[in-house]
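Visitor: Could you walk me through this model, please?

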Amino acid sequence: MSKDPIRAGEIVVFNVDGREIPIVHRVIKVHERQDTGEVDVLTKGDNNFGDDRLLYAHGQLWLQRHHIMGRAVGFLPYVGWVTIIMTEKPIIKYILIGALGLLVITSKE
């Protein structure tokens, strides 16, 4: 994560307290506190109707710098669906791992 200022429109990867899986969404508002100079960020998923405040920890209205893990530098459409499907249906994860393991065992050098 670079020290460059975060700007509205950027896509960031952030972690919310109490959640294991990071979220990748677009920054829609940046608020700089006049007294401390700290920056608060509000995000929104491109396909969501409202902002992400419902995803944040209880009572949290903004993300702080320590929540943000990184910025998007490229994009692969629909890749996020793989993690969502494997989280919601663990059997698919086991089938995929088993198939990859079988492929490794049966492949010849």
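Visitor: Is Ile 92 buried, partly exposed or exposed?
Guide: Happy to start there! This is a predicted model, where local features need pLDDT of at least 70, side-chain atom pairs count only at pLDDT 80 or more, and totals for chains, interfaces and linings use all residues. Residues are numbered from 1 along each chain as its sequence is written, and side-chain values use heavy atoms, leaving out hydrogens and water. Buried means under 20% relative accessible area and exposed over 50%, with a 1.4 Å probe and protein chains only, so at 34% Ile 92 is partly exposed.

Visitor: Which helix gives the largest share of the nonpolar patch?
Guide: The patch of about 910 Å² (Shrake-Rupley area) is made by Tyr 78, Trp 81, Ile 84, Ile 85, Ile 91, Ile 92, Tyr 94 and Ile 95. Helices H1 (79-88) and H2 (90-106), DSSP runs of H or I with at least four residues, each give two or more residues. The largest share, four residues, comes from H2.

Visitor: Which strands stand at the edges of the sheet?
Guide: Four strands (DSSP runs of E, at least two residues) form an open antiparallel sheet in the order E3-E2-E1-E4; strands pair if DSSP finds at least two bridges between them. Each edge strand has a single partner, so one side is left without a neighbour in the sheet: these are E3 (39-44) and E4 (68-71).

Visitor: What is the bridge partner of Lys 29 in E3?
Guide: Six bridges join E2 (23-32) to E3, and the two run antiparallel. In E3, Lys 29 has as its bridge partner Leu 42.

Methods:
Patch = residues over 30% accessible without salt bridge, like charges linked within 9 Å, V, L, I, M, F, W, Y side chains within 5 Å. Areas by Shrake-Rupley, 256 points an atom, 1.4 Å probe, with all protein chains shown as cover. Salt bridge = Lys/Arg side-chain N within 4 Å of Asp/Glu carboxyl O.
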